Structure formats: C-alpha cells, structure tokens
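Keep the 3D view open as you read.

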Amino acid sequence: MRAAILSLAGWAWPIANTIVTRMPAASALQHRADVSACKLKADQDVYLSAGFGYEFNCAPSVGTLSAFMIFVDFSDQSANESSPESLYDFFLPAAAEWYSTASYGALDLSVAADTSRFYRMPATAVSYNWDRGLTAEAHEHYIQDALAAYNATTPPVDVLYIVPTANATAITFSPTFVGNVTTRDGTYVAKKSVTFGYDGYRTWGYLVLNHETGHTMCLPDYYPYNGSATGLFIGGWNLMGLISGPSPDYFTWDKWRLGWLADSQVDCVAEPGQTSHVLTPVEVAGGIKAVVVKHNDTDALVIEARSSTGLDKMSCATGLLLYTVSTRIETGYGPVKVLDVTPRSGGCAGDELNDATLTLSGVSSYTVADWGVKITLVAKDDEDYELMVAVA
C-alpha cells in the first residue's frame with residue numbers, strides 16, 4: 001500500500017449534542033475482503049509469533065484446559081500457612097472465571113490440586129538463584145525437583161502449576177516453562193509448567209495465573225524485555241503486557257487466534273477503498289469485534305471497541321483502540337503496538353497510552369500515514385461504534 005494522507009471531511013458534524021452522519025453512496029463503499037486474507041500466518045522461526053497457526057505444543061484455548069497444582073516450601077523459607085488450600089483459593093476460582101468471561105464461555109480452566117500438604121523442596125529457596133535471566137535449564141531443574149519432592153503420579157494434564165509458600169520471597173517471579181514437562185526419569189507430565197513466585201502475592205494477585213497461562217497457549221509478552229517501562233508498547237490494554245493495567249482483557253486479535261471469536265465476527269479490509277463498519281465492545285459477547293486492515297503478509301492494523309465493563313471495569317478510557325500486529329517480531333520486542341491517537345495527553349492511570357482511543361468527544365479520526373490508512377469514528381449508538389476505514 002502506498003502512503004497517503006486521506007480526508008474524510010464531511011462524514012460527520014457535531015451539532016449541539018447530536019451527531020449527524022452522512023453515509024456515502026453505496027457505490028463508494030468497497031466490499032470487505034474474505035476474512036482469511038487477514039489471518040496472518042505465524043512465522044515459525046519467530047518465538048511466540050503473533051500469527052495464526054503457531055506450532056509449539058500449545059495448551060488448548062477452546063474446550064477444557066486441564067491443570068494440576070502442587071504446593072512446595074523450602075528449608076530456609078518454610079510454609080506457615082495452615083494448609084495449601086488458602087493459596088489455592090488465592091488463585092481460584094477467580095482465574096478460571098476470568099477465562100470464562102474473556103473467552104465468552106469458550107474456555108474452561110479446570111484445575112485439580114493436591115492441597116494435603118506442602119512438599120519440601122530438596123534445596124533451599126535461595127540456592128535456586130531465582131532472578132530475571134533464569135535459564136531454561138535452571139527452570140527445568142526446579143520443576144523436576146518439585147516433581148521429585150511430590151514423588152507421586154500426577155494426572156495427565158496440559159499445564160502443571162507449582163505454587164510455593166507465600167514465605168518463599170527468594171522465588172521472586174512467576175515464569176512459564178514452555179517445553180514438555182517430564183520427571184527426571186523421562187515420564188511425561190504436561191505440555192507446559194507455570195512456577196509461581198512472590199510477585200503474585202506481592203503485586204499481581206490471581207491475574208498472574210492468567211498472564212502465565214496465556215503463555216502456555218502460546219501468547220507472547222507485550223511488555224518490553226529491555227527494561228523500559230512496562231507499558232511501552234501497549235500501555236495497560238492487555239494483561240499480557242501490564243498485568244495490573246486498567247484494561248486487562250485480551251485484544252480481539254488474541255481472541256480470534258485463540259478461537260474465541262468466529263471469523264464472522266471480524267471484518268477484513270485487504271484492498272484500497274472505503275468501508276463502513278459497526279463494532280461492539282470486546283468485553284461483551286456477540287457482534288462484530290474487530291476490523292483488521294491487512295498491510296502485507298506479516299503486518300496488520302486492528303481496530304476494536306473498548307468499554308469500561310466486564311474485565312475492563314477499571315478502564316480509564318473507552319472508544320476505538322487501534323494497534324498494529326507483526327508476526328515478524330518475537331515476544332517481548334513489540335509484536336503488538338498500540339497507536340497513540342492522543343499524543344502528549346498525559347494519558348490516565350499512570351500511562352500515556354491508556355487514553356489512546358478514538359472518541360466522539362475527543363479525537364475522532366486518525367491516519368496511519370505510512371500505511372495510507374485513515375480511521376474515522378462516525379457515530380456511537382449505546383455501545384455500538386460506527387466507523388469508516390479509508391485505504392489508499
């Protein structure tokens with residue numbers, strides 16, 4: 001697509017508190033493309049590529065995702081909880097309910113647990129040298145130590161959860177092991193494992209389980225790995241970025257890839273012209289959820305409607321959210337980037353991007369100049385957003 005700045009002046013005018021719209025003649029509107037054109041194919045050479053069909057023995061995202069949870073402590077940081085049940089209750093059923101809501105009922109997170117006791121790890125918590133940059137080998141060693149301490153047959157599951165006592169401050173954060181999980185004798189246990197850490201108890205709450213389980217389904221991290229601000233790429237618009245952000249629900253792009261949205265709920269634009277669309281908010285079931293504008297075989301622009309309901313009830317801004325997706329960029333380096341349609345606004349809830357939405361009361365039109373795409377919010381009827389997309 002060649003770059004161009006387009007004008008849609010005349011589509012809508014505010015008169016007092018009423019928005020009067022003028023729809024273009026039918027001949028001026030282009031037919032939408034077949035939705036398959038916008039299903040960008042994953043790049044198998046890119047770690048956790050954000051495209052469709054990524055193959056990495058991912059945990060299921062539709063139907064039942066089965067998990068087994070065990071609890072551990074250490075000689076130097078032992079449990080003083082009366083029972084592991086209090087830690088099970090810390091995560092569940094809230095995390096499972098989160099998935100049920102986010103997936104519109106498509107995913108059932110089913111977690112069995114042995115809450116009979118804490119199993120003592122063979123080494124001290126400090127000796128595991130838990131820190132950012134933990135190697136896969138060290139992580140696997142910890143998991144296999146936990147399985148050896150458990151010393152019992154685990155049921156066949158998709159994900160193994162290992163939960164330490166809340167006293168284990170040396171186990172500082174909660175990574176996901178994305179390789180096959182086995183015991184030291186080679187017995188298969190699970191597709192992936194999440195090993196929880198002190199950050200869940202101190203900062204993130206139960207949502208750390210949803211973030212890390214997202215990785216087991218092969219979703220990438222949307223925060224930067226280079227130490228920059230957590231909201232650098234997407235603000236607080238998805239818990240795969242900032243877990244505690246005000247709008248943690250998954251992007252429609254994620255929901256589409258995970259099978260939570262039907263193809264009929266996505267409008268695809270893959271050719272030059274002008275198209276009209278009506279979107280319903282991400283947070284509620286039903287309706288068209290996204291407009292995807294294909295730039296090329298690896299990059300697309302996504303437009304979705306966000307509200308302050310459901311999982312995003314703490315959102316500090318609503319309206320049309322715009323972001324780019326690239327299947328060529330690996331996890332932690334910006335595979336998704338929110339476009340700031342209100343630059344230098346100061347943002348809200350602690351991040352400049354948290355108010356980056358098109359609204360009728362603020363910025364209502366935005367041009368992606370390098371891509372030759374202009375998006376204009378035309379009208380809002382209750383929670384339905386009408387918009388025009390012009391592609392040069």
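What follows covers some strands, a sheet and a pair of helices in this predicted model.

**A strand with two partners**

Start with strand S13, which spans residues 290–294. Is this strand enclosed or open? Of its 5 residues, 4 are buried, so S13 is largely enclosed by the rest of the structure.

S13 pairs with strand S11 (residues 266–269), and these two run parallel. Within this pairing, Val269 has Val293 of S13 as its bridge partner. S13 also pairs with strand S14 (residues 299–306), this time antiparallel. Here you can find Val292 opposite Val302 of S14. A hairpin of 4 residues links S13 to S14.

**A sheet of four strands**

Now turn to an open sheet in which 4 strands follow the order S12-S20-S19-S18, with antiparallel pairing. Which strands stand at the edges? They are S12 (273–279) and S18 (365–368); each has a single partner strand, so one side of each is left without a neighbour in the sheet. On average, neighbouring strands of this sheet are turned by 20 degrees against each other, with direction ignored.

Look next at S19 (residues 373–381) and S20 (residues 384–391), an antiparallel pair joined by 8 bridges. In this pair, Leu377 stands opposite Leu387 of S20.

| Strand pair | Bridges | Direction |
|---|---|---|
| S11 and S13 | 4 bridges | parallel |
| S13 and S14 | 4 bridges | antiparallel |
| S19 and S20 | 8 bridges | antiparallel |

**Two helices that cross**

Let's finish with helices. Two packed helices are described by the angle between their axes and the distance between the axes.

At what angle do the axes of H2 and H5 cross? Helix H2 (residues 94–102) and helix H5 (residues 207–216) have axes that cross at roughly 55 degrees and come within 8 Å. That angle makes H2 oblique to H5. The crossing of H2 and H5 is right-handed.

Which residues make the contact? H2 contributes Ala95, Trp98 and Tyr99, while H5 contributes Leu207, Leu209, Asn210, Thr213 and Gly214. Sorted by type, the residues of this contact between H2 and H5 are 5 nonpolar and 3 polar, with no charged ones.

Methods: Residues are numbered from 1 along each chain as its sequence is written. This is a predicted model: local features need pLDDT of at least 70, side-chain atom pairs count only at pLDDT 80 or more; totals for chains, interfaces and linings use all residues. Side-chain values use heavy atoms; hydrogens and water are left out. Buried means under 20% relative accessible area, exposed over 50%, partly exposed in between (1.4 Å probe, protein chains only). Two strands pair if DSSP finds at least two bridges between them. Axes are lines fitted to C-alpha atoms, for helices over the stretch in contact, and angles run from 0 to 180 degrees between N-to-C directions. Angles under 35 degrees count as roughly parallel, over 145 as roughly antiparallel, 65 to 115 as roughly perpendicular and the rest as oblique. A crossing is left-handed if the near helix is turned anticlockwise from the far one by less than a right angle, and right-handed if clockwise. Contact means heavy atoms within 4.5 Å. Ala, Val, Leu, Ile, Met, Phe, Trp, Tyr, Cys and Pro count as nonpolar, Asp, Glu, Lys and Arg as charged, and the others, Gly among them, as polar.
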